[in-house]
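Please read it next to the coordinates.

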Amino acid sequence: METEENITFKITGNDMRNLRKFRKQHKNCPQVTACDQFNYSFTPTGLGLAISVKCSCGQELMLGDFMDYDSGK
Ligand SMILES: [Zn+2]
């Protein structure tokens, strides 16, 4: 599993935990290619980087530092 190492520079803390959980839940989903079950997209916003992870089954997980600010409103 080299994927996890490659993305740690972008995803940390709570996001990393959520991502691990998401990937565990979806580990039995069919893989599109040998090494690309999850599709990551990074979107810069005014509050930080929004990260969405999409599994091959169509489910999507939203991550990003800006989530922390939302709860404080
Ligand atoms: Zn899935």
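The points below go from the basis of the model to the sheet, the helix packing and the core.

1. Basis. The model is predicted, and local features are reported only at pLDDT of at least 70, side-chain atom pairs count only at pLDDT 80 or more, and totals for chains, interfaces and linings use all residues. Residue numbers start from 1 along each chain as its sequence is written.

2. Elements. The secondary structure of the chain comes to three helices and three strands. Here helices (H or I, at least four residues) and strands (E, at least two) are DSSP runs, numbered from the N terminus. Read from the N terminus, the order of elements is α-α-β-β-β-α.

3. The three strands make an open sheet in the order 1-2-3, with antiparallel pairing. Strand 1 (39–45) and strand 3 (60–64) are at the edges with a single partner strand each, so one side of each has no neighbour in the sheet. From one strand to the next the twist averages 20°; axes are lines fitted to C-alpha atoms, for helices over the stretch in contact, and angles run from 0 to 180 degrees between N-to-C directions. Two strands are taken to pair if DSSP finds at least two bridges between them.

4. Strand 1 with strand 2. Seven bridges join these two antiparallel strands, and they form a hairpin with two residues between them.

5. Strand 2 with strand 3. Strand 2 (residues 48–54) runs antiparallel to strand 3 and is joined to strand 3 by five bridges. This hairpin has five residues between its strands, and G58 in the turn has a positive phi of about 110°. Opposite K54 stands E60 in strand 3, while V53 stands opposite L61.

6. Which strands does helix 2 touch? Helix 2 (residues 13–25) packs on the sheet against strand 2 and strand 3, and its direction makes about 165° with that of strand 3. Contact means that the C-beta atoms of two residues, placed from the backbone, lie within 7 Å.

7. Burial. A residue is called buried if 20 or more other C-beta atoms lie within 10 Å of its own, exposed if 12 or fewer, and partly exposed in between, with C-beta atoms placed from the backbone. By that count, buried residues make up 11% of the 73 residues in the chain. Of the seven residues of strand 1, the number buried is zero, so strand 1 lies largely in the open.

8. Core. The largest nonpolar core has five residues: I11, L19, I51, V53 and L63. Such a core is a set of buried Ala, Val, Leu, Ile, Met, Phe, Trp, Tyr and Cys residues joined through C-beta atoms within 7 Å.

9. I11. This residue lies in the loop between helix 1 (3–7) and helix 2. I11 counts as buried, with 22 C-beta neighbours inside 10 Å. Not counting residues up to four places away in sequence, I11 touches M16, L19, I51 and L63. I11 and L63 are 52 residues apart in sequence, and their C-alpha atoms are 8.2 Å apart.

10. L19. In helix 2, L19 is buried, with 21 other C-beta atoms within 10 Å. Leaving aside neighbours within four places in sequence, L19 is in contact with I11, V53, L61 and L63. The C-alpha atoms of L19 and S52 are separated by 9.9 Å, and the two residues are 33 residues apart along the chain.

11. Contact range. Among contacts in the chain between residues at least 6 apart in sequence, 40% join residues at least 24 apart.
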